[in-house]
Amino acid sequence: MEKLKSVLIANRGEIAVRIIRTAKALSIKTISIYTPADAASLHVSQADEAVLLPGSNSTAYTDGDEIIKIAKEKGADAIIPGYGFLSENADFARSVGEAGLVWCGPSPEAIEAFGVKHVARELAEKAGVPIVPGTKGLVDTDDDAVKESERIGFPVMLKATGGGGGMGLVVCHTPDEVREGFKTVRSRGETLFKNSGLFIERYIADGHHIEVQVFGNGQGQAIHFGERECSIQRRNQKVIEECPSPFVEKQPGMREKLGSTAVSLAESMKYGSAGTIEYIVDDKTGDFYFLEMNTRLQVEHGITEMVYDVDLVELMFKQADAQLGGKGGLAPDYLKSLQPSKPVGVAIEARVYAENPLRDYAPSPGLLQKVEWEQLEGSRIDTWVFTGTQVSPNYDPLLAKVMNHAKTRDAAIKGMELLLSRSIICGPPTNLEYLAAIMQDDTFKSGHTLTSFLKGFEFAPNVIDVISAGAYTLVQDLPGRPSVGKGIPHAGPMDPVALSIANMLVGNERGKEGLEITLSGPELRFVGPAVVALTGAPMDFTLNGSAIPMWTRKHVKAGQKLKIGKTIGGGCRSYLAVYGGFPKVADYFGSKSTSPLVAIGGYQGRALAPGDLLALVKDIPKTLGGHPSVPEHLRPQYGEKWEIMAMPGPHQEGYLTEEDVDMLYSSELKVSHNASRSGIRLVPPRAPQWARKDGGEGGSHPSNLVEYGYPLGTLNWTGDDPCIFPVDCPNFGGFASSTTVIRADWWKLGQIKAGNTMQYKRVSLEEALALRKKVDEYLVAIQKAVESGSFDGVQPLESTFSPSGDYGKAVIAERPAKGNEPQVRYRQGGDDHLLVEYGNEQFDLNHRCRVTALEKALRGPDAPAWLKKTLTNTVGCCTSILLFYDGAKLDREKLLNHLQSLEDQLGDLSKIKVPCRRFRLPLSFESKEQTEATTRYMETQRPHAPYLPDNLDFVAKNNAFSPDQLKHNMLNGTLMAVVVGFFCGNTVSLPVDPRMRMASPKTNPSRVFTPEGTFGWGGSCASIYPVDSPGGYMMLGRTVPCFDYLGYKAGFSLEKPWLFQDFDLLTFYQCTEEELNEKLGYFRSGRYKFEWDEVEFDMAEHNELLRDTADEVKQLREKQAKVQDELVAAENESLQNWREDKEKNKVDESTVDALLADSAISTIDSPVDANVWKVLVEEKAEIKPNQVVAILEAMKLEINVQAPEDVKKGKIEKLLVRPGETVKAGGRIALIRHEE
C-alpha cells in the first residue's frame, strides 16, 4: 500500500475479524471499535488497537459521528464498513469523505441509488438488465396495490423500497392478502427503514436466488467473479450458499449472460469497490430477473474468494489506496486483468447461528462453554467466537461461517458434512446439527435447491426440550471436580448413591452426568427417543400424563413428555439419568457438574430454564431392553429424622466446651430453611459457650481462625451459627469446624431438607471406613442385580448404626517445636481429610514457607507412587495445609508417618530463598461501583454501622492509622499471596512488613454485591475479589480481577484460570478511577498485560525484619487493640439496635412449622441468594397465579418472585420477610393458603 497505512473497521464480529486478517497481511494498522457486550470478541483482541464506543450496546455501532471522531483521533486513513450497520448508509459514507477519510466502498451516490429498490429497478432496466414484471415506481394505496397485483398476476411480492437483508417482504396470493400485506409492509418500512414506500413484483415460487459478485474502479470499468447460489433461505435470510451455482452449471452460456449484465449495470453507475447484483432465476425457463444490488461486501463473499483465488477485501483496500493517492481508483488495465475465465472447483458456505430450532429459530444468547472447529484441507472458518465467548442478545446471533472448497460439488458437500458434524459448540442451542442435516439431504445433494427448499425440509434435533425447569434442576456427574481447588468447587451430586443407581438402571457407567432435581422437577419433551430412570426422593412422575414408577428403567419415545412434580415424601432430591448422558454439555476440568453459585460448569453454569435443549445420544443399544426396577425394600430410606455419622475435628477440643460438645452430639438439630448445595444451616438448642474468649489473630470472635482448608462435610461455625459444608462450599475460610460427616453418609446430606432434624453420632476412623465399604458393597450388588435381572440376596443400605463410642479426638498427632522448626498438629477431618497445622494460629510467613515446601514434597515428581494414586488435592494456607485423600485406599497411619518423615527432611527453612513473582498492580481508591454498592447496602440491608459509609476510613481508624497512612502503606508496602481459592481464585494476602498489618471485622451481614477487582480487608488479610460476587471484606479500593473462568484472557489459560499462586508478592501503584476503568476494559477484552518479575523471597532477610521491628510492632498492636476495643463496642451497640429493629417483625419458626403442617399451606421461595428489595403484597390479601409477590436484588439484578402457576384461589397467610432482609436460595418469602 502506498498511502493506506491505517484503517478503522466500522463493524464487529466475524466480518471485522476477517477484515483484520487481510489488513495484517498488507501491513495496514487496524483499529477496531467495540461495545461492552463485545469486549471479549476476537475483533477486539486481534486488532492493533481497539476503542470502546460510548453509548448503549444496541446503538453504539450506528453512531456515525462518534465512529468518525474515533477514526480521526486515532489517525486512520480510511473506514471500512463490512456489511450491516452503516455499510449502506449514504449519509455516513458522505460524512467519512467530508472528514478527509477514504470510504472503503462505493460512492454515496451509488449507495443512495441502489438503496431505493424501485429506483434500482429503473437503473437496471436502463442498463439492459432484465427485471421482474412489476410496478413502475411506488404504489400509494391498497386499492392501487390490488389493481397492480391483478395486472401482474398472482402470486406477487410486496417490497419495502428501503428494505434489505430479507426484511420488508410479503408474499400475497389473493387480493385480501394484498390489502393486509400493504399495511404490514408500509408499517415495517416506516419502522425499520424510515421509508414507507413499497412496490410490487411477480413472485417466482419455483426460483433460484443467484447473485453475481462485481468489482468496479469507480471510473466506469468493472469485472465480475462469477455467481453464487443463495436459494436456501429461511424467512428470506440466507442459510446455505454455493459457488458456483449448481443450476447455472447446467445451463450453457448462462454464467456469461449473468456476468455481462451485472458488469453492464455496475459500469453504468461508475460503481467503485465490491458489490453484488442479485437475481431471481425461473427454475423452469432459466429466465433471470434483477432483484437488487447490495452496495457492500456480502456475508458469503468467502466462497467466491475460494473458487476464484481472490481476496476481495484486499481489492477494496487497493481501491481505497488508489483513491488516497489521487488516482480515482484501480487502473483499468489492472482491473480487467483480474477478470477470471471460469470457476475452479466448488465452495459451499453454511451460516452457524446461536438459535433454537424448536423455538422457530429464535436467537439463543448465552455462554459458549466450548468451541472447537473441525479443520480440513480446503476448509475455512470465519468466526469471532471461542471458548468463553458470551453471545449477546443485542446483535445478530451469527457465530461463524463454515466454508469448504473442493474439486467437485460432491466432495465439497462431504467435507461440509464432516466440518459441521465434527465441530463442537457447547452452550446455548445452535443450528449446527440442522446445517449438517441439509448437507445430508438427497434433494440438496442433487443440486435442485429452490428458494422453497426449506419449506419442505423436515428437521427434528435429537434433544430434550425443557418446557419447564422445576425449582432447581442441575446437571451433575461423579465425582465432580475434587482435584481442582483454587476456588473451583468440588461439585457433583449431593446424593451420589441415588445418581449412581439411576445410571446403572439406564446402562450408563455410575458417574455419568444426569439431572439433579431439588424439591420439584421439570417437564421435558423428548424430541428423540431415550432410556431414562428416576431415583432418589419420591416425586410425582408421569409420562404423557400417566404415572410411571421411580427406580425403574423406562423407554421414552420421540415426542413423549416426561413430567416430574413435587416431592411426596421424605428427602428433597431426585436424579434423572438418561442413557448416554448429555453429550453436548461441556466438560470443565473433566466434569460436566454445575456449581451454580459461581456459574461454573453444567448447562451455562446455571440451573436449567425453559427453552434449554439437552442433546441426546443418537444410538441406543438394542440390548438395553426390559424394565429392571430396584425393589422398594432395597431403596435408601428418606425420612424426616436423620442419623448422621461423623468424626470429631478438625477443631473440637480447645474450641468448644465439653458442654458444647455434649449438646452437639446429644441433641436433635433442626435443619434451617437456609439449606443448599453450598451450605446446610442447622439450628442448635443454644449458642455454644466456647472454650476460648476470641480467635486471636484470626479474629475477635472465638469461632475465628487463621484461614485453613475446609473439609467437605464439615460442620463450620460462622460465629455462633453451625453450617454443614457440602460439595459446593468454599475450599477455605477462617471459621472453626468441629465435626465432619464421614464419606459413607454424604448421600444423606443430599436428602435432608428444611424442617427435618438430624443427630450426629460419633464414629472412629475404623467404623467410618467399614460403613463406607458397606455402601460400596451395596452399590456393587445393585449393579449386578440390574445386569442379571435378579435382586435376590441383595442387602438394603442401612440408615442407622450403633457406634462403639471409641471415636478418638480431633488432634490425632502432635510434633513439638524444635529450634526454627515449628510445632505441628495433625487434625482429622472425616475419613478423607487431614489438616497439618503449624504453630499456634499466628500469621507467620515462616509457616507459609513451610506449607509451600511440604506441598511441593507431597505433589512433586519424587512423591511415592502410592501417594500420587491416593492424594486427591491439597489446600495450602498461611499456617496449614489440608490434604484431600482417598481414605478407602490409603491407610491414615501410613500417611501420617510419611508426613512426619517429610518434616525431618524439610528441617530449618528460616534462611532459604523462595522463588516467586513480584506483581505491580494498579489500585484506585475511588470507585463509582463500590460507592453504589455501599449506598445500596445501606438502603436495603443495614442502614448504620461503624464501617458505614466509608469502609477505608473505618479500617484506618480500627488500626490507629489515618486514611492517608493506610493508603501510603498500600502503595509502598508488599503483600504476599498466602492462599488462592475460596471461590474463583480469590487471593488472600498478608503484608510482608508486620508494621503494615491490619485487622478488620467483616461487614455484618455480607453485601449482596461486590464489584470484581475489589481490594478488600477482612480479619488480618487483604483479598482481591475475582468476580462480581457477594462479600463481606471492607472495600478499600479496586484493582484488576484475578480470575478468568474459561482462560482466554492474557495471563490465564483453560488449565489455569486463576492468576496468582502461593508466595506471589503483590505491590500496588495508584491510578485514577478513569485510568482503572480503561484497564478494566482491556482486561475484559483479554488484552490487559499483567506486570510481574521473577524474584526470590529471602526468608533470612524477612526474619531479620521481624526481629528488628518486634518492639515497634508490639507498641503498635497495643495502640491498635485500644482503638479496636472501642470500635467493637460501637459495632455491638449498632448491631444490637439493628437486630432489635428486625426482631420486632420476625416470624417465629415454630409458627411457620405449625402453619406448614396444614396441607392447605404452601411456600413461595427465593430462587437465589438475595436481598429483599420490595414486598408487593400484604398478609390476608388475595393472590393470583404468577402474581409478583416480592422483588429481590442480587448482583445488581432485580428478580421478581412470583406466586406459583397452580394457585387457583388463595391468599397470603404469612409474610416471612421484609425489605432490607437477606434470603438464601430456597428461603421462604411467604406462606400461601389455598382455598377451595
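These legends walk you through several close-up views of a predicted model. Residues are numbered from 1 along each chain as its sequence is written, and side-chain values use heavy atoms, with hydrogens and water left out. Because the model is predicted, local features need pLDDT of at least 70 and side-chain atom pairs count only at pLDDT 80 or more, while totals for chains, interfaces and linings use all residues.

**View 1. Helix α20 and its packing partners.** Helix α20 covers residues 765–788. Helices here are DSSP runs of H or I with at least four residues, strands are runs of E with at least two, and both are numbered from the N terminus. With 24 residues, α20 reaches 35 Å from its first C-alpha to its last, close to the 34 Å expected at 1.5 Å a residue; the expected span is 1.5 Å times one less than the number of residues. Look for the buried residues of α20, among them L765, L771, V775, Y778 and I782. Buried means under 20% relative accessible area, exposed means over 50%, and partly exposed lies in between, using a 1.4 Å probe and protein chains only. The buried residues of α20 pack against α17 (496–506), β36 (641–648) and α23 (892–906), where contact means heavy atoms within 4.5 Å.

**View 2. Strand β36 between two partners.** Here is one of the elements that α20 packs against. Of the 8 residues in β36, 6 are buried, so the strand is mostly covered. Strands of a sheet pair through backbone hydrogen bonds, either parallel or antiparallel, and two strands count as paired if DSSP finds at least two bridges between them. β36 runs parallel to strand β44 (residues 757–762), joined by 6 bridges, and K641 stands opposite T757 in β44. With strand β43 (residues 737–741), β36 pairs in the antiparallel sense over 3 bridges; there, P648 has T739 as its bridge partner.

View 3. In helix α7 (residues 142–152), the residues A145, V146, S149 and I152 are buried. Seen down the axis, these buried residues fall within an arc of 130°, so they line one face of the helix; the arc is that of the directions from the helix axis to the C-beta atoms. Turn to the other side of α7 and you will find K147 and R151 exposed. The buried residues pack against β6 (156–160), α8 (175–193) and β8 (198–202). G153 follows the helix, and its phi is positive, near 105°.

**View 4. A sheet of 4 strands.** This open sheet has the strand order β60-β67-β65-β62, with antiparallel pairing. Its edge strands are β60 (1161–1165) and β62 (1182–1183), each of which pairs on one side only. β62 is joined to strand β65 (residues 1210–1215) by 2 bridges in the antiparallel sense, with I1183 partnered by G1210.

**View 5. D38 in its loop.** You can find D38 in the loop between β2 (29–34) and α2 (42–45). D38 is buried, with a relative accessible area of 1%. Its side chain makes a polar contact with the side chain of R12, at 2.5 Å. A polar contact is a pair of N or O atoms within 3.5 Å; within protein, one must be able to donate a hydrogen and the other to accept it, and residues adjacent in sequence count only if both atoms are side-chain atoms. Not counting residues up to four places away in sequence, D38 touches R12, H43, V44, Y61, W384 and Y395.

View 6. A disulfide is a covalent bond between the sulfur atoms of two cysteines, and here the cut-off is a pair of cysteine sulfur atoms within 2.5 Å. The structure holds 0 disulfides. For C878, the closest cysteine sulfur is in C1021, 6.7 Å away, which is too far for a bond. C1071 is in no disulfide either, and the nearest cysteine sulfur, that of C1042, is 16 Å away. C878 is buried at 2% relative accessible area, and C1071 also counts as buried, at 4% relative accessibility.
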